Each structure stands twice: as structure tokens, then as C-alpha cells.
Amino acid sequence: MPADKRVHAADAALGKAGAGSARKKAATGTRPSPATAKRNDPGAFGQIVSGAPLGGFAAVQSIREGYPAAILKAASRFFGVTDARIQAIAQVPASTASRLEKSAARIDAAATERLYRMGTVTRMAIDVFEDEAAAVEWMRQPNRAFDNTAPLDLMDTEPGAVSVRQVLNAIATGGVA
């Protein structure tokens with residue numbers, strides 16, 4: 001799918017995102033599971049993770065355009081983590097995220113690239129574990145291979161993502177991780 005169509009599809013998905021998810025959270029006081037969040041938000045961040053890989057110039061264009069700010073919340077729902085954790089990884093202050101989301105604006109290219117990285121590495125984890133829930137859980141949990149840091153929390157830098165990809169490659173090929 002061309003970059004502009006993919007970004008617009010994410011926009012459309014974010015417009016209809018997760019009313020059921022919000023009701024469940026309000027009723028139970030907890031976050032929905034990542035699997036439930038994905039069902040309630042089929043586009044948005046879930047599209048980055050499960051959609052056809054966007055690479056090359058199309059990825060560059062998509063990153064330069066920036067993702068809609070609402071994708072920050074979509075990512076937190078996908079992983080079942082707090083908005084603050086995703087904002088910290090994307091390096092978007094909470095006040096900026098709120099302001100951009102209210103005005104239906106886009107996050108900058110640097111934050112978009114961090115979310116793109118988060119999505120592509122998560123897609124790799126899903127391919128390796130052959131189970132979305134297991135991959136999401138692996139991304140969220142501290143791991144000794146990363147000095148007890150969660151792989152998700154390493155997505156703020158490319159060297160961190162490289163380390164996670166290396167461990168995933170080791171797991172996939174039966175090497176020592």
C-alpha cells in the first residue's frame with residue numbers, strides 16, 4: 001500500500017478506535033489485554049505491526065509526513081501499557097501528545113520513526129514467536145539479555161532496536177540469546 005494511503009488508513013482507523021476498549025477500561029479499572037485492544041483498534045498501530053511491511057522510500061515518506069498523534073494511544077492499547085510509557089519511548093511529552101491529539105495533528109518525524117521502529121521490531125517478534133500475544137508479552141517484560149530492560153523500552157534508539165533484532169535472530173535460528 002502506498003505511504004499516503006497507509007497513513008490515511010491509519011487516520012481513518014484512529015477515528016473509529018476503541019470505543020469498546022474505553023468502556024471496558026472504565027468498567028473494570030484495568031487496561032484491556034493486547035489481543036482485545038487490537039480487535040478494538042484494527043487500524044492504527046496494529047496496522048503498522050500486522051500490515052504489509054512498508055519499506056524503502058514509502059517508509060521514508062510515511063515517516064516524514066508523521067503519524068497522527070492518536071497513534072500514541074493506539075500503541076499503548078496494543079501493548080497494554082500506559083500512555084506515559086509509549087510517550088517516553090517515542091519521546092513525546094504528555095502535554096504535547098494531548099495538544100496534538102486534540103487538534104488532530106501529527107507527531108514529528110523523529111517520534112514517528114520511533115513508533116515505526118517499535119512496529120517493525122514487534123512484527124519481527126510476532127514472526128519469531130509465531131504468536132502475537134507471546135510476542136507482545138516478550139516485548140513488554142524485562143529481559144536479562146538487555147540488562148533487565150524490556151525490549152519495548154529499547155525502541156527509543158536504533159542501537160537498542162538493533163540489539164533486540166539480534167536477540168530475535170538468535171531465537172529464530174536456535175542460537176544463544
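I call a residue buried under 20% relative accessible area, exposed over 50% and partly exposed in between, using a 1.4 Å probe and protein chains only.

**Ground rules.** I am looking at a predicted model, where local features need pLDDT of at least 70, side-chain atom pairs count only at pLDDT 80 or more, and totals for chains, interfaces and linings use all residues. Residues are numbered from 1 along each chain as its sequence is written, and side-chain values use heavy atoms, leaving out hydrogens and water.

**Overview.** I found eleven helices and zero strands in the chain; both are DSSP runs numbered from the N terminus, helices being H or I with at least four residues and strands E with at least two. Of the 177 residues, 46% count as buried.

**Helix H5.** I looked up residues 56-65, where Ala59, Ser62 and Ile63 are the buried ones. Seen down the axis, these buried residues fall within an arc of 95°, so they line one face of H5; the arc is taken from the directions from the helix axis to the C-beta atoms. A handy reminder: an α-helix has 3.6 residues a turn, so residues three or four places apart point the same way. Phe57 and Arg64 are exposed on the other side of H5. Just after the helix, I noted a positive phi of about 85° at Gly66.

**Helix H9.** I followed this one over residues 109-129: its 21 residues reach 30 Å from first C-alpha to last, close to the expected 30 Å, which is 1.5 Å times one less than the number of residues. Of those 21 residues, 15 are buried, so H9 is largely enclosed by the rest of the structure. At its start, a side-chain oxygen of Asp108 comes to within 3.2 Å of the backbone nitrogen of Ala110.

**Where H5 meets H9.** I read a packing angle of about 130°, with the axes 7 Å apart; axes are lines fitted to C-alpha atoms over the stretch in contact, and angles run from 0 to 180 degrees between N-to-C directions. That makes H5 oblique to H9, as angles under 35 degrees count as roughly parallel, over 145 as roughly antiparallel, 65 to 115 as roughly perpendicular and the rest as oblique. Ala59, Ser62, Ile63 and Arg64 of H5 touch Ala109, Thr112, Glu113 and Tyr116 of H9, with contact meaning heavy atoms within 4.5 Å.

**Positive phi values.** Gln91, with phi near 60°, sits in the loop between H7 and H8 and is partly exposed at 44% relative accessible area. Glu130, with phi near 55°, lies in the loop between H9 and H10 and is exposed at 72%.

Technical notes: Polar contact = N/O pair within 3.5 Å; in protein donor to acceptor, adjacent residues only side chain to side chain.
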